[in-house]
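Colleague: I am new to this structure and would be grateful for a close look at its aromatic rings and their surroundings.

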Amino acid sequence: MGPIKALKKRKRSAEKKADPNVLLAASAATDSLHNDNDNDDSSQPSDWWDGFSRRPYSGSTDPKTFESVFKVSRKTFDYICSLVKDDFTAKPANFSDSNGKPLTLHDRVAVALRRLGSGESLSVIGESFGMNQSTVSQITWRFVESMEERALHHLSWPSKLDDIKSKFEKISGLPNCCGAIDITHVMMNLPNVELSNKVWLDGEKNFSMVLQAVVDPDMRFLDVIAGWPGSLSDDVVLKNSGFFKLVEKGKRLNGGKIQLSERTELREYIVGDSGFPLLPWLLTPYQGKPMSLPQTEFNKRHSETRKPAHMALSRLKDKWRIINGVMWMPDRNRLPRIIFVCCLLHNILIDMDDQTLDDTLLSHQHDVNYRQRSCKTVDEASSVLRDELSNQLWGENSSA
């Protein structure tokens, strides 16, 4: 797949602004958080940070570093606090720092975000926040459990796909496209007693866990699945996913069709690289050489349409570095849930129109040093359909 190649930051268009309904709900939630007189932690994050940054173990005296420390804006931090507040107060724990001072809601969310965002060890995080490793671990896991339930509405399959299809078509001209699918590996360092378990050993000789994601044109996750061993190929992971089963049952990608010719209709579909099978609802690029001009043109457009998925996974790993690099002996039952919450946080940043995204250098490469692998499964009817689409797109390009 080649080395990372950074992209210049793209100027945001009006189409990528956050949903006003999301911002309105977030505002109401955070207002409620600040007006709650039953909790002495009602100060705004800016006030909390002013105090926290002056603590001797915080490592910072500059309030402007808030975004670099926690990977989110203060507005988003406040909203996340409002999401998990009920769970942290409904299940109280005697969390305190090394001096015995009780940890506030903001303290706890800060610990969890720092752990997920930096990928630093429990001991390093504990040292930074003035608490023991066990406290860091317990707070982070409680945060993950809460976010799984409270933030679930930030990651769901859309009821209407017209806007998504329109945006994809503007990218490269592919009509009726509803998403781009890709897979990335989360590398792990397993205990010595488990090194003989080759199921986790992937094609690049790393122990890893797979994350599969379907992404919209704004790099927002629409569907994710994590937990499958790295040894499995992309097509095997796909065919064992809930997404595959829902599509095959006609519960997804079941909207309006486009007439390509008198004999051929183009249904709703997603695009994926050559590691996936060519299916009626999953279009993959042409493989092999030589290629005709229409095939070459199709592959070019197809590649452009897949870019949001590449960049989304790259941003995910860059922002939430606990899943970047190599995880040290993770609990494999908990790791998929941690990955999922990182995906939720990724979407929340987009939904909140978080300004920290403006500083993100995006790459097409999220699996450094992983080679592209090919799937030879081809549905014949889908191959004919792809040919007709390619010829139509080439005809439009030639006449333009």
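Modeller: The account below begins with the aromatic pairs and then turns to the nonpolar core.

This is a predicted model, in which local features need pLDDT of at least 70 and side-chain atom pairs count only at pLDDT 80 or more, while totals for chains, interfaces and linings use all residues. Residues are numbered from 1 along each chain as its sequence is written, and side-chain values use heavy atoms, with hydrogens and water left out.

A search of the whole structure gives seven aromatic pairs (rings of Phe, Tyr and Trp, the last by its six-membered ring, with centres within 6.5 Å; planes under 30 degrees apart are stacked, over 60 edge-to-face and the rest tilted). The pair of Phe243 and Trp281 is edge-to-face, because the ring centres are 5.9 Å apart and the planes stand at 70 degrees. Phe243 belongs to helix H10 (residues 242–248) and Trp281 to the loop between strand E6 (269–271) and strand E7 (282–283), so the pair ties together parts 38 residues apart in sequence. Helices (H or I, at least four residues) and strands (E, at least two) are DSSP runs, numbered from the N terminus. Phe243 and Trp281 are both buried (under 20% relative accessible area, with a 1.4 Å probe and protein chains only). Together with Trp157 and Phe244, they form one aromatic cluster.

Trp281 is also among the residues with the most contacts inside the largest nonpolar core, which has 103 residues (buried Ala, Val, Leu, Ile, Met, Phe, Trp, Tyr and Cys joined through side-chain atoms within 4.5 Å). H12 gives the most to this core, with 12 residues.

How values were computed: Buried means under 20% relative accessible area, exposed over 50%, partly exposed in between (1.4 Å probe, protein chains only).
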